Amino acid sequence: MLDFHAHHGLDDGCAYINIVSESGFSLAESGRWCSIGILPWLEDIDEESIAGLLERNPRLGVGETGLDRRYGGGQRQYRVFERLCTYARDMDRVISIHSVGRSEEILCLLRKYGVRKALFHGFNSSHEVAKKICNAGYHISLGPKSIHLRDYKRILGLPFLVETDMETGEAQKKALAGLYDRLGMDSGRDIAGEAVETGRFLWKDSF
C-alpha cells in the first residue's frame, strides 16, 4: 500500500514524502521519492532554492504548495504558486496541491500555466469540486478526515488516491492500512491496485 502524501519521520517505507522546510533539503537531494515546495504561510524559503533542488533531482516532485484563504499575503501566495506551477510544467513533474477555499482558483491557474499532473492532497470539498478536478485530468487524494465529508459516498465514485498526511513511521503505517480497508470497503473497489496504476502514470520511472 502506498501513502501518496506524508511527511518525513522515522521510516519512509512506501510513502511520498512532502518536504516543506529547509531541514528536509538533504532528503530532497537523496533521490528518494519525495517533493519540495513552499506552503502559503512560509516566508523563509525562496523559489530559487527549490528550482536548484528540482534540477539536480529528476525524481523530485513539486509541492506541497498552493493557496489558503486563512492566511494573508495573498499576492505572495499567488506569486509563489504561479512560479512553482511553471517548474511543474517545464520539468513535467507532479505538483502536490495545498488548497483551503481556493480550489477553483487553483484549477484556473493550473490550466493557465499548462500543468499536466497535479494531486489535490487532503481533499475536503464537495463532489462538484472533486468532479471538476478529475474532469480536468488532475487527481485527488483522500485522508482520514475524508470519511466525514458530506459528499463522501459520491466522491468515492471518482478516481482517487490515499494519504495519511502523517509523519512516516509505525503509526502512519497503521493509519494507512486502516484507511485503505475503509475506503475499499465503502467503495467496493480495489483501491490499492488502482493506486499503483495511477502512481505509474503520475511518476513514471520514479514510481
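Predicted model: local features only at pLDDT ≥ 70, side-chain atom pairs only at ≥ 80, totals over all residues.

Me: What is the volume of the largest pocket, and which residues lie nearest its centre?
Reply: The largest pocket has a volume of about 400 Å³. Its lining consists of 20 residues. Those nearest the centre are His-121, Gly-122, Lys-145, Glu-163 and Asp-165.

Me: Which class has ten residues in the lining of the largest pocket?
Reply: The lining has five nonpolar residues and five charged ones. The remaining class, with ten residues, is polar.

Me: Which strand gives the most to the lining of the largest pocket?
Reply: The top contribution from such an element is three residues. They come from residues 95–100, which form strand 5.

Me: How are helix 4 and helix 5 oriented to each other?
Reply: Helix 4 covers residues 103–112 and helix 5 covers residues 127–135. Their axes are 11 Å apart, at an angle of about 10°. Angles under 35 degrees count as roughly parallel, so helix 4 and helix 5 are roughly parallel.

Me: Which residues make the contact of helix 4 with helix 5, and how many of them are charged?
Reply: Helix 4 supplies Ser-103, Glu-104, Leu-107 and Arg-111. Helix 5 supplies Val-129, Lys-132 and Ile-133. By class, three are nonpolar and one is polar, and the number charged is three.

Me: Are helix 3 and helix 4 parallel or oblique to each other, and what is the handedness of their crossing?
Reply: Helix 3, residues 74–91, packs on helix 4 at an angle of about 40°, with the axes 10 Å apart. Helix 3 and helix 4 are therefore oblique. The crossing of helix 3 past helix 4 is right-handed.

Me: What is the orientation of helix 7 to helix 8?
Reply: Helix 7 (residues 170–187) and helix 8 (residues 191–203) have axes 9 Å apart, at an angle of about 105°. Helix 7 is therefore, relative to helix 8, roughly perpendicular.

Me: Which residues of helix 8 meet helix 7?
Reply: By class, this contact has five nonpolar, two polar and no charged residues. From helix 7 come Tyr-180, Leu-183, Gly-184 and Ser-187. Their partners in helix 8 are Ile-191, Ala-192 and Ala-195.

Me: Where is Gly-9, and which residues does Gly-9 touch, not counting residues up to four places away in sequence?
Reply: Gly-9 sits in the loop between strand 1 (3–6) and strand 2 (15–19). With residues up to four places away in sequence left out, Gly-9 touches Glu-167 and Thr-168.

Me: Is the peptide bond from Gly-63 to Glu-64 cis or trans?
Reply: Most peptide bonds are trans. Glu-64 belongs to strand 4 (residues 61–68). For the bond from Gly-63 to Glu-64, omega is near 20°, and the bond is cis.

Me: What is the phi of Asp-92?
Reply: Most residues other than glycine have a negative phi. Asp-92 lies in the loop between helix 3 and strand 5. Its phi is positive, with a value near 55°.

Conventions
Residues numbered from 1 in each chain as written. Heavy atoms only, no water. 1 Å grid on protein atoms, 1.4 Å probe; cavity = no way out; pocket = protein on both sides within 12 Å on 5 of 7 lines; lining within 4 Å. Points joined across faces, edges and corners; volume = space filled by probe spheres on them. Helix = DSSP H or I, 4+ residues; strand = E, 2+ residues; numbered from the N terminus. Nonpolar A, V, L, I, M, F, W, Y, C, P; charged D, E, K, R; others polar. Axes fitted to C-alpha atoms, helices over the stretch in contact; angles between N-to-C directions. Parallel < 35°, antiparallel > 145°, perpendicular 65-115°, else oblique. Contact = heavy atoms within 4.5 Å. Left-handed = near helix turned anticlockwise from the far one by under 90°.
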